[in-house]
Amino acid sequence: MEHDAVAVIDFGGQYAHLIATKVRALGVLAEIRQPEDPIERFQSYQGIIISGSPSLSAFGEDADYTRAIYDLPVPILGFCFGHQEIAKHYGGQVIHGGREWGPADLQLVRPHPLFEGLGATERVWMSHFDSVTAVGPDFEELGYTLSGTAGERHGFAAIGSDRLRRYGFQFHPEVDDTVHGERMIANFVLGICGCRPTWTTSNYAAEIIDRVRTQVGDGRVFLLASGGVDSTVAARLLAEALGPDRLRLLHIDNGLMRQDESRQVLHNLAQMGLGAQTHFVDATDEFLTALAGVTDPETKRRHIGATFVTVFEREARRLGITDHLLGQGTIYPDTIETGGTRRADVIKTHHNRVPVIEDMIAAGRVVEPLAELYKVEVRRLGEALGLPPELVWRHPFPGPGLGIRLLCADGGEDTAALAPLGAAAAAIAAPYGLAAMPLPIRSVGVKADLRSYEHPLLLTGAGPWDQVVAAAGQIFQAVAGVNRCVWNLEPEAPPEIRPAAATVTRARLDLLRAADARVMDALRRHGLYEVIWQCPTVLVPLAAPGRGDEFVVIRPVLSERAMTAAPAELPPAVRAELRDALLALPGVWGVGLDVTSKPPGTIEWE
Ligand code: XMP
């Protein structure tokens, strides 16, 4: 049957694909379109959604795209950059300023079909530098936001013209943190565009299996299986698509795994009936050699990814597996964060998207059954395929493993340059009873769809939790150069924290493994493992003179698709228990709890 459909114009925002996923979840087909596609490619849709953009500003020069979309007789809704672009196209004004990150409260000016079924105030998610400050004659302000604890007013957060059927949201309804974002998208797609929900995802597994069969033909696949949910679901789908004889699996211990992980993974694969075709290799030495002396996060990521391929190819030769395609459990965020759609910024290079793998993809040598999906969809698929719940609901663990949780540095960070940043943050933190100290190390974050590599702040004080999170939120709004806040789990900060030189070594990895095991154990014992989405433990080379050279950060987050995340609270007793357990490790002088949302931080520190 013919399905009603919506076009999503991908300007490269981190969330363009997520918009399409959310529309499809309503039962309406959504297709991604490029901004320069000819107008004919937009003509069969009942509506158009324009995404955000990391590199384009509606404030500066005119963006290059098919503006004839504005002549089409269908409703158009823009988010973030798309919102600003619509405002500007119809005579409004956009300025560089009025930035907001993270949560804000949308206040509706009047009831409107776009917000049907919702309250007068709605929690929404912001990530922008530019803002709309005036709208054209046909338009009205439908909502404004109050953000930060000061409740600063930001106008034109939602705008619209019912006559033209053009609308814009400064915020991102597609991310899970906009609490009723799905309802807003539904109001647009089903209500204003009038789409009929006839598109179903129920036979998605069958569709993927068909696609794999078409791609692989009568070939074979050698799958890199880390043992996480993605590669395990991919293994199950490939086994169904190709039959057991045309699938081989390789599990590599890269030395960056958690305590006892490889043994567990091999056990799980055997339980699933995939034991006979699974090969195992311990390549710890090779990975450690590749990482020796490297401190830059992106270089580490590229070395880890490239070493996977070297080991894979060598093992394939050794096993006489020569004609196989490389199978990977890549999911969509791996692609988008590596800048894998045409305009997206490289937030981080995921291990399965390093240049040598990109070349293999271009040559048609890679099979990735899950490349279109987010974690939550992979889990649903895993459940439908009958995988055990413990496996489906395991915390995600990144391919580069502990390698990206073991921060490295040459010890040369310029501490004097941090002073002004510390002063600005301290002024904001003081009314919350918190002292703020910039840390002489940098970590990766994402702001307005762009990568950032900036300093964390250590906040020291009694709390409570929500006050610390509120202070952090205000600091992110006001202080440039900070992309993370860490709450000190000790009552006092040391008088001085110095940069320390450190690289990836076996001893540091063992220390991090021990720290991670303690955190995971505590989460399980306190019934928090199921509540928290993921909880990296990070070893940070910072020296407190006379006390030690390593600082440990615990990073519990709540999320659904990993594109955004909120810091997860740990009860005071668990915080105290973890602090004591981690301080008992050799060389560890301090323990902090990361209280940063994504954006402006990312989940992992590198
Ligand atoms: P970030 O740190 O970007 O992480 O907020 C989002 C999610 O992706 C995981 N992650 C990776 N997973 N290969 C992976 O398979 C990678 O290179 C990689 N880097 C980050 C991260 O653990 C989180 O769940």
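Predicted model: local features only at pLDDT ≥ 70, side-chain atom pairs only at ≥ 80, totals over all residues.
A polar contact is a pair of N or O atoms within 3.5 Å; within protein, one must be able to donate a hydrogen and the other to accept it, and residues adjacent in sequence count only if both atoms are side-chain atoms.

View 1. Residues are numbered from 1 along each chain as its sequence is written, and side-chain values use heavy atoms, with hydrogens and water left out. An N or O atom in the side chain of Lys348 is 2.6 Å from an oxygen atom of the ligand, and for the side chain of Arg301 the corresponding distance is 2.9 Å. Gly399 takes part through a backbone N or O atom, which lies 3.3 Å from an oxygen atom of the ligand.

**View 2. The shell around the ligand.** The ligand is surrounded by 17 residues (each with a heavy atom within 4 Å of it), and the closest are Glu337, Lys348, Lys598, Ile603 and Glu604. Domain 2 (201-401) and domain 3 (409-594), whose bounds come from an automatic or database domain assignment, each give at least three residues to this shell.

**View 3. Domain 1 beside domain 2.** The C-alpha centres of domain 1 and domain 2 lie 35 Å apart. Their contact, meaning heavy atoms within 4.5 Å, takes 14 residues from domain 1 and 13 residues from domain 2.
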